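Biologist: Before we use any structural terms, I would like each one tied to its criterion. Please take me through the model on that basis.

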Amino acid sequence: MNKIMVIAQRELGTFFDSLIAYILLVVFLGFSGFFTWLYGSDVFLSGQASIQPFFSVAYWTLFFFIPALTMKMFAEEKNTGTIELLLTKAVTDRQIILGKFTACLLLVLIAISFSLPWYFIVWWLGPVDHGAVWCGYLGLLLMSSAYIGIGLFASSITNSQIVAFLLSLLIGIFFLILFQVLANSMSGILSSIFDYLSISTHFESMSRGVIDTKNVFYFLSIAGICLAATEAILSRRKIME
Amino acid sequence: MNIKVDRLSKLYGSQFAVNNISFEVKSGEILGFLGPNGAGKTTTMKIITCFMAPSEGDVRMGEYSILTDAETLKKRIGYLPENNPLYLDMPVIEYLAFSAAIQGVAPAQVKPRIKEMVRLCGLDKEKHKNIGELSKGYRQRVGLAQAMIHDPDVLILDEPTTGLDPNQIVEIRELIRELGKEKTVIFSTHILPEVEATCNRVIIINDGKIVADGAPSELRKQASGAEVSKLKIEDGNPTDVLQKLRSIETAALVDFDGRTFTFESKKGETSRRQIFQLCVQNNWVLTELSPIERDLEEVFRNVTMG
């Protein structure tokens, strides 16, 4: 546990030292704020004291934001060779993966917590369904863990950050859109399988304020499966390479 | 901690990078790992440091094996990989603190250890700079510092002196010699004088196999069969001199390159007295007579070629 935090702390420090964190925070908050308050189906258009618009925008912004965080995690270390240094320290592969995962999740947590003032403003504007808001935030975090899992996996199979970035977008787009499209175009059991795989099914119900263990399980299992796959990729060096 | 490498093999595809090598290194010994590029040095080191698993065989350190006790062993090993990869965007001090924490150095010990490493590796002036701003020599010192921060029993250094200037090389060698007094050190290089300067034992590896093993002086003795001297003789006609030199009984091979003569005696013979006398008889001036030492260079070439 301690080692995981040591790694997470270093990664988080790197985010803030290298401007990545600031740029991404500004971009994330700028985009989300713009669409929440100023454009499209924003808060004023819907006329309801709800930050539902923020959740639907964050759903998309995180989709781009997270691969940008995760792309360097393993790809850069493999490219510069520091991975060898890290893996020969007294840590397990799993601790390294979890440390990097924690760092990304913490940065996302920081990013979405900056949107809390919006929640307070809306609260000031009118009656808010507090349960739905917190549930929506939980949904964002859970979805982020799934994205981070995908991103780390993509980063672990290549030396190039760009490839890692594009690959995690590619995998992400399946969960975000394509599975939904497939579900709609098919019928029967296949349709319900693809419907289950689609993120939007699970996220929408959460952002409306429904915490279903099925949804929680869905997001955590994507993250879990991806992290396990990452570990398998890392341990492959022990067999071949 | 003693290191015992036992019938170690590593296959890449169908090619052996390391082919059934065994050796032992004792505590307090500095082992120079020598070989041409691509001989299997780095692979062996990667296996010893638990980065890679071997295809066959085992490495044991003390009572631990890399196959089963990697986590325990990693704490006892300090490793400087080839090309010295470092997090360039971190300040030196922070990086050392990170290395210490991740290697399980007790929190109270972290600061004193960093101080000690900064002193030992001469990083005092550079300690607050980002690693990326340092010159190659200083980066190498940071690499060494991070390898030793947790006071490991075993130090594995993969080409620790590449890219350093001659002064730095001498400093790093001294550091290694100092460390080798109480630790087990294995370091690889393809620079031969380095081995003679630092190691008490050398293993030469070629094509994944050990081709020579022993103290540098022993290996040199093995190679030196015949006495070879470099001569400069003045006031004589070179062809004449050459002819007369060849007529010395103990001469095996005499050569002239336009300026100096190379004189090789027959095995086990010495001819320096005869050469001197020959010059005196012919009134030639002998301005140079220097023995050509067979060095490790030659051992190396002998065992790694053909």
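Biologist: What makes β7(B) a mostly covered strand?

Modeller: Five of its five residues are buried. A residue counts as buried if 20 or more other C-beta atoms, placed from the backbone, lie within 10 Å of its own; 12 or fewer make it exposed, and values in between partly exposed. This is a predicted model, in which local features need pLDDT of at least 70 and side-chain atom pairs count only at pLDDT 80 or more, while totals for chains, interfaces and linings use all residues. Residues are numbered from 1 along each chain as its sequence is written, and chains are lettered from A and ligands numbered from 1 in the order in which they are written.

Biologist: How do you know that both faces of β7(B) are covered?

Modeller: Val154(B), Ile156(B) and Asp158(B) lie on one side, Leu155(B) and Leu157(B) on the other, and all are buried.

Biologist: Why is β7(B) called a strand that pairs with β6(B) and β8(B)?

Modeller: Strands are DSSP E runs of at least two residues, helices H or I runs of at least four, both numbered from the N terminus. Two strands pair if DSSP finds at least two bridges between them. β6(B) and β7(B) have four bridges, and β7(B) and β8(B) have five, so both pairs meet the criterion. Both pairings are parallel. Tyr79(B) has Ile156(B) as its bridge partner in β7(B), and Asp158(B) stands opposite Ser188(B) in β8(B).

Biologist: What makes the sheet open, and which strands are its edges?

Modeller: The six strands of chain B run in the order β6-β7-β8-β3-β9-β10. The edge strands β6 (77-80) and β10 (209-214) of chain B each pair on one side only. From one strand to the next the twist averages 15°.

Biologist: Which helices lie across strands of chain B, and at what angles?

Modeller: Angles run from 0 to 180 degrees between N-to-C directions, with axes fitted to C-alpha atoms, for helices over the stretch in contact. Helix α1 (residues 41-48) of chain B lies across β3, β7, β8 and β9 of that chain, at about 150° to β7(B). Helix α5 (residues 136-148) of chain B lies across β6 and β7, at about 165° to β6(B).

Biologist: How do you know that chain A is as compact as a globular protein of its length?

Modeller: The globule rule is 2.2 Å times the number of residues to the power 0.38, and the radius of gyration is taken over C-alpha atoms. For 241 residues the rule gives 18 Å and chain A has 19 Å, which is close, so chain A is as compact as a globular protein of that length. Chain A has 12 helices and zero strands, and 44% of its residues are buried.

Biologist: What makes up the side of chain B that touches chain A?

Modeller: Contact requires C-beta atoms, placed from the backbone, within 7 Å. On that basis, 20 residues of chain B are in contact with 21 residues of chain A. α2 (70-76) and α3 (92-102) of chain B each supply at least two residues of that side of chain B.

How values were computed: Contact = placed C-beta atoms within 7 Å.
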